[in-house]
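Here is a friendly walk through one protein model, from helix packing to a sheet and then to charged pairs. Have the coordinates open as you read.

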Amino acid sequence: MFMRGLRQTTDVDYKYWSPAETMPPSEIKKLQYNRLLEQVNYLWAKSSFYHEKWQESGFCPEKLKTLEDIRYIPRLTKEEIRESQEKNPPYGMMCVPGRGPIIRIGMTSGTTGRPVLIPFTEEDYFGTYLEGHVRSAWAAGVRKEDIVHVAYGFTPFMGLASSYDSCEHLIGALVVPGGTWDSSLRLTMIEKLGITVLMGTPTYLLHLASVAEEHGIDPRKLGVRMICTAGEPGAMSAPNTGLRLEKAWGSKIYDYCGTQETNCIAWLCEEGTAHLNEDLLYFEVLDPETNEPVEPGAPGKLVVTDLVQKTHPCIRFETSDMVSGIETDTACPCGRTLSIFKGFKGRVGDIIKVRGVCVSVAGIENVIRGIEDCSDNYEYHAFKGDNGMDRIKVRIEPQKNIETELWDNIRKKVAEALHNAFMINMDVEVIPPGTLPVYKLKAKRFRDLR
């Protein structure tokens, strides 16, 4: 098995650390440059897709003199990946010639277009992809004594595979499957099997706690000591979502995030800090209009580069995510020196500008989930007002125990909180509980009606 730096131990006091987690920032930069240079030379020689793409743009490996010279490399879009897979099925540019055999296939959800197939060799899956993910579980405190349940649907979603295999094969914990269970059966098995670690999307795990209460079960008494979320904004990007989960389950809440095309991007440590996997990936935060780097810590769109993975390296991959920024040269009480990720704001297409203010799904969610009268479900959409200007309507569901005559008070409370957060007026509509769908994977909160 190819586990780059991964170690298993029977000593429960032992902490897993990759060498990069405590490297000085200057050493991380050297490591990133050396790995980027190796990757670029490798793809120039092995990948006709990259060779042709780079040659057409005027880039060649000799131009990569410093890490900052990455700006000369043209960015990669998901549409280019899709087109390459249609032209050369099944994998297109996502499988460099000579790599194989393929032992695992992932697939994107297709929420922004046709799904992308993501193949892995054994070396890249166990040695690189899982290395990026196991750090999130270990930093959260998952150990071999735990019983883990990964509550994602059984699909080619790589968040499911990586969570399952990291905990089972690398940490050595018992992982319980249950991809087809309904919520009622899932709750029964959580209690019967003594699940101590629960993983899933924030939306679904909040829904699961609600189902428990409907069945007269107190989720805080089920013995789940830790919840790890992914797939959509959680505690890392919307702190009030983390607080809701903590209150509902009585558990410690952790969050991790990534892209299926590249790797795990960031994860929360025991101090609640989001650390980046900087030895595996190189991160750029760019101005969405100029595509120039923003100032350190400033918001922008996230571009990610694979530094290690060799089956389908994505170089300067446009994730379509808007982020709050990256803090460099910072220290964390946990002892890690990796840069700090400030969280997601939302997808590029989910963020709209109204009178100069950028409104994001993570920002709206954080406001709504900070109001106890609101349930966990909501959605928002953009539309043209009577004056032709963009407007936003937010639809919320109240808690089930709130009388209908109080709904208007909730509407006013939410409208005021949104105005205080964004300094613009939004239309708020209160709709009956149970109107909006519940998602087990990524929730679809935004609709553009303009």
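Helix 1 (residues 25-46) and helix 2 pack with their axes 6 Å apart, at an angle of about 100°. That makes helix 1 roughly perpendicular to helix 2, a label given to angles of 65 to 115 degrees, while angles under 35 degrees count as roughly parallel, over 145 as roughly antiparallel and the rest as oblique. The axes are lines fitted to C-alpha atoms, for helices over the stretch in contact, and angles run from 0 to 180 degrees between N-to-C directions. Helices (H or I, at least four residues) and strands (E, at least two) are DSSP runs, numbered from the N terminus.

Before going further, please note that this is a predicted model: local features need pLDDT of at least 70 and side-chain atom pairs count only at pLDDT 80 or more, whereas totals for chains, interfaces and linings use all residues. Residues are numbered from 1 along each chain as its sequence is written, and side-chain values use heavy atoms, with hydrogens and water left out.

Which residues make the contact of helix 1 with helix 2? Helix 1 brings V40, L43, W44 and K46, and helix 2 brings S48, Y50, H51, W54 and Q55, where contact means heavy atoms within 4.5 Å. These residues divide into five nonpolar, three polar and one charged. Here Ala, Val, Leu, Ile, Met, Phe, Trp, Tyr, Cys and Pro count as nonpolar, Asp, Glu, Lys and Arg as charged, and the others, Gly among them, as polar.

Helix 4 and helix 5 (residues 158-171) form another pair: their axes come within 8 Å and cross at roughly 85°. That makes helix 4 roughly perpendicular to helix 5. On the helix 4 side the contact is made by Y125, F126, Y129, L130, H133, V134, A137 and W138. The contact of helix 4 with helix 5 divides into twelve nonpolar, four polar and one charged.

Four strands form an open sheet in the order 10-11-12-15, with antiparallel pairing; two strands pair if DSSP finds at least two bridges between them. Strand 10 (281-286) and strand 15 (344-347) are the edge strands, each pairing on one side only. From one strand to the next, the twist averages 40°.

Strand 10 is joined to strand 11 (residues 300-306) by six bridges, and the two run antiparallel. Across this pairing, V285 stands opposite L302, and Y282 stands opposite T305.

Is strand 10 mostly covered or uncovered? Strand 10 is mostly covered, with six of its six residues buried; buried means under 20% relative accessible area, exposed over 50% and partly exposed in between (1.4 Å probe, protein chains only). L281, F283 and V285 point one way from the strand, and Y282, E284 and L286 point the other way. In a regular strand the side chains alternate between the two faces of the sheet.

V348 lies in the loop between strand 15 and strand 16 (352-354), and at 39% relative accessibility V348 counts as partly exposed. Leaving aside its neighbours within four places in sequence, V348 is in contact with S320, D321 and M322.

**Charged pairs**

How many salt bridges does the model have? The count comes to 34, a salt bridge being a side-chain nitrogen of Lys or Arg within 4 Å of a carboxyl oxygen of Asp or Glu. Three of these pairs are set out here.

| Salt bridge | Closest N and O atoms |
|---|---|
| R82 and E79 | 3.2 Å |
| E123 and R99 | 3.7 Å |

E318 lies in strand 12 (residues 317-323) and R75 in the loop between helix 2 (48-57) and helix 3 (78-87), so the pair ties together parts that are 243 residues apart in sequence. E318 counts as buried at 14% relative accessibility, and R75 is partly exposed at 26%.

R82 and E79 both lie in helix 3, three residues apart, about one turn of the helix. R82 is buried at 6% relative accessibility, whereas E79 is partly exposed at 33%.

E123 lies in helix 4 (residues 122-140) and R99 in the loop between helix 3 and strand 1 (102-107), so this pair ties together parts that are 24 residues apart in sequence. E123 is partly exposed at 34% relative accessibility, and R99 is partly exposed at 24%. Elsewhere, salt bridges that share partners join E379, K393, R395, E429 and R447 into one network.
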